[in-house]
Amino acid sequence: QKSSENIFSKLSKAVIGKSKVDEDVLDQLEEILITADVGVDTTIKVIRRIEERVAKDKYLSTGELDVILKEEIAALLEENNTEDLSNFDLPKDKKPYVIMVVGVNGVGKTTTIGKLAHQFKQAGKSVVLGAADTFRAAAVDQLILWGERVDVPVISHGMNTDPAAVAFDTVKKAVEMNADVVIIDTAGRLHTKVNLMNELTKIKRVMQKFIDDAPHEVLLVLDGSTGQNAFLQAKEFTRATDITALAITKLDGTAKGGVVIGISDQFKIPVKYIGVGEKMTDLQVFNRKEFVDSLFKKK
Amino acid sequence: MFDNLSLKLDRAFKTLKGTGKITEINVASTVKEIRRALIDADVNYKVAKEVTDTIREQALGRDVLIAVSPGQLLIKITQEELTKLMGGSKADINLKGDPAVVLISGLQGSGKTTFSGKFASMLKKQGKQVLLVACDIYRPAAIDQLKVLGEQIGVEVYAEPENKNAIEIANNAIAYAKKTGKKTVIVDTAGRLAVDDVMMKEIEALKKALNPSETLFVVDSMTGQDAVNTAKTFDERLNFDGVVLTKLDGDSRGGAAISIRHVVNKPIKFISTGEKMENIDVFHPDRMAQRILGMGDVISLVERA
Ligand SMILES: Nc1nc2c(ncn2[C@@H]2O[C@H](COP(=O)(O)OP(=O)(O)OP(=O)(O)O)[C@@H](O)[C@H]2O)c(=O)[nH]1
Ligand SMILES: Nc1nc2c(ncn2[C@@H]2O[C@H](COP(=O)(O)OP(=O)(O)OP(=O)(O)O)[C@@H](O)[C@H]2O)c(=O)[nH]1
Ligand SMILES: [Mg+2]
Ligand SMILES: [Mg+2]
């Protein structure tokens, strides 16, 4: 908190009594945003907006810059329908509500699924998980252990089986069990691997044989410490599976996850969840204001 | 936003055409483009500044031959500088000791367990007796994961599923290695954040107990600006010997390679280029420099995956 104020007082001091934000201030702002992984394009966009505001408002008092800055960055997220959820609610008219979780290797998909299952369960919903990562060593075991930890059933066909068949079976069993939510884990895959990306399309299609509008949500998990490559991930996963929401993980570290600002600006995909640790309770619904605040905080 | 540097520089260089020498004035906008390209490639902001300052100095006053455009010359200078930055000190791996111990460290999900398996497989192929040790006592099914890999490559895995003390497990593993004549021991550890003091203390203690001949820091090539902070803290606490850069089979530029080298000055010893056990390679600074600059030589990596 203290160091965040320092950055702002520094910025504000440099700007007092000026009708234009000078080079020095902008340089500092640039550094803050770039080192938060916001990316050059989005940083330039934010700086332009600030310049415009400052030119219009003429004089800025200490603290006002702080507010303007945060407003402008939050606006980038807001314009792109990143509505803040207040809790782990789900649409009532879809039962079961089917969520498919995708992303590159090691970002935190399986862990996020475990945490989500816990949250939905806490909210009184019945949850079924599908172990459709049949590829990575012990991936099925990992999900089963999460299932035990949060006490929800896991449907699995074991390792090296057809992931689409697992997904189909999970949805089918969930309907039989009258469950509220289905979450399908998938193997990590780099977005550059065409065959693996096509596999996701197939998993989707197979589920639709059973529930024609499934999956209702395709959640792309991004590692908060990822840099500009996250853009390419968002682009390619969107192309293959129509991503409907983002989850940003590992924000308990020093990485700021700023790349998500540019991503939601460009792809209009809302951020829904953030991961802040490895425990089952370490998942939060995304809060725009807190996220923007955290960009300026030194950890 | 990811059009490659040559394109960008060509654009910037338009203004340079017809000048015979690189001067302060004509180099400014080009250096800015290079800096931007480095930042786009996830080179740390401060590091990119320092690197481009050096490049500017190198470039100033250089004659532009008729054969090369100023743009080509600057790219060459940049590539040389980056290669130099990431190369340098020899990147041998030290396997002295009886047994020789290799300690694997890094953030969550960076590819430690997979790399442990790959490295074990590589050593086995060289005829070494290897033991893999499962010291990740936290992540669900971490031990199973290592066991599956060990089975795949035919390397024994030492684990104590009921033991919740990583240091004890490590010590027991060394005793076991001695007893069974394993000359190299690879210790897989749990992923941890640099800011997690309890976990950082654990790996410090592991290092102290094991006295490894090699401590490796495994880092995801997709890592952004934060790579410097993480590498710095891990290095302060572990004084690691080398870096492993993973997931290079994708299209990440891998600017973290420069940032880390610049900040902790430790060599990159291996790269990881896929999920399969044979996807391990030695590091080539020149190829990496080209990759960071978006110069195309990534294709060979992608194809091999
Ligand atoms: N600190 C921290 N660690 C996390 C978070 N989310 C996941 N992790 C850790 O990151 C590592 C990888 O998580 P997984 O859930 O296995 O990732 P995944 O995307 O399923 O990985 P693959 O299936 O191998 O592609 C594990 O060690 C998790 O405990 C988080 O929010 N914070
Ligand atoms: N494409 C690709 N995937 C990789 C590479 N190295 C590891 N992976 C994958 O990345 C994910 C995480 O790898 P792990 O070896 O489990 O990572 P870790 O560092 O041991 O993870 P924790 O123990 O949870 O901290 C898995 O899905 C691996 O298959 C690589 O070079 N390329
Ligand atoms: Mg997984
Ligand atoms: Mg591991």
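The following paragraphs describe the two chains of a predicted model, from overall figures down to single elements.

Residues are numbered from 1 along each chain as its sequence is written, and chains are lettered from A and ligands numbered from 1 in the order in which they are written. Because the model is predicted, local features need pLDDT of at least 70 and side-chain atom pairs count only at pLDDT 80 or more, while totals for chains, interfaces and linings use all residues; side-chain values use heavy atoms, with hydrogens and water left out.

Chain A holds 11 helices and 8 strands, and chain B holds 12 helices and 8 strands. Here helices (H or I, at least four residues) and strands (E, at least two) are DSSP runs, numbered from the N terminus. In chain A, 59% of the 299 residues are buried, and in chain B the buried share is 58% of 305 residues. Buried means under 20% relative accessible area, with exposed over 50% and partly exposed in between (1.4 Å probe, protein chains only). The accessible surface of chain A is about 12000 Å², 50% of it from carbon and sulfur atoms; for chain B the value is about 12300 Å², with 52% from carbon and sulfur atoms. These areas come from the Shrake-Rupley method with a 1.4 Å probe, and for residues only the protein chains shown count as cover. Among contacts in chain A between residues at least 6 apart in sequence, 77% link residues at least 24 apart. For chain B, 77% of the contacts with a separation of 6 or more come from residues 24 or more positions apart. A contact means heavy atoms within 4.5 Å.

Turning to chain A, strand 6 (residues 245-249) has 5 of its 5 residues buried. A:Ala245, A:Ala247 and A:Thr249 point one way from this strand, and A:Leu246 and A:Ile248 the other way. Strand 6 of chain A pairs with strand 5 (residues 217-223) of chain A in the parallel sense over 5 bridges, and A:Leu219 has A:Ala245 as its bridge partner. Two strands pair if DSSP finds at least two bridges between them.

Also in chain A, helix 4 (residues 64-78) packs against helix 10 (residues 259-267) at about 45 degrees, with the axes 8 Å apart. The two helices are therefore oblique to each other; angles under 35 degrees count as roughly parallel, over 145 as roughly antiparallel, 65 to 115 as roughly perpendicular and the rest as oblique. Axes are lines fitted to C-alpha atoms, for helices over the stretch in contact, and angles run from 0 to 180 degrees between N-to-C directions. Helix 4 of chain A contributes A:Ile73, A:Leu76 and A:Leu77 to the contact, and helix 10 of chain A contributes A:Val260, A:Ile261, A:Ser264 and A:Asp265.

In chain B, 8 strands form an open, mixed sheet in the order 3-2-4-1-5-6-7-8. Strand 3 (156-158) and strand 8 (280-282) of chain B stand at the edges with a single partner strand each, so one side of each has no neighbour in the sheet. On average, neighbouring strands are turned by 25 degrees against each other, direction ignored. Within this chain, strand 2 (residues 130-135) and strand 4 (residues 184-189) pair in the parallel sense over 6 bridges, and B:Cys135 has B:Thr189 as its bridge partner. Helix 8 (residues 197-210) of chain B packs on the sheet, and its direction makes about 170 degrees with that of strand 1 (100-106) of chain B.
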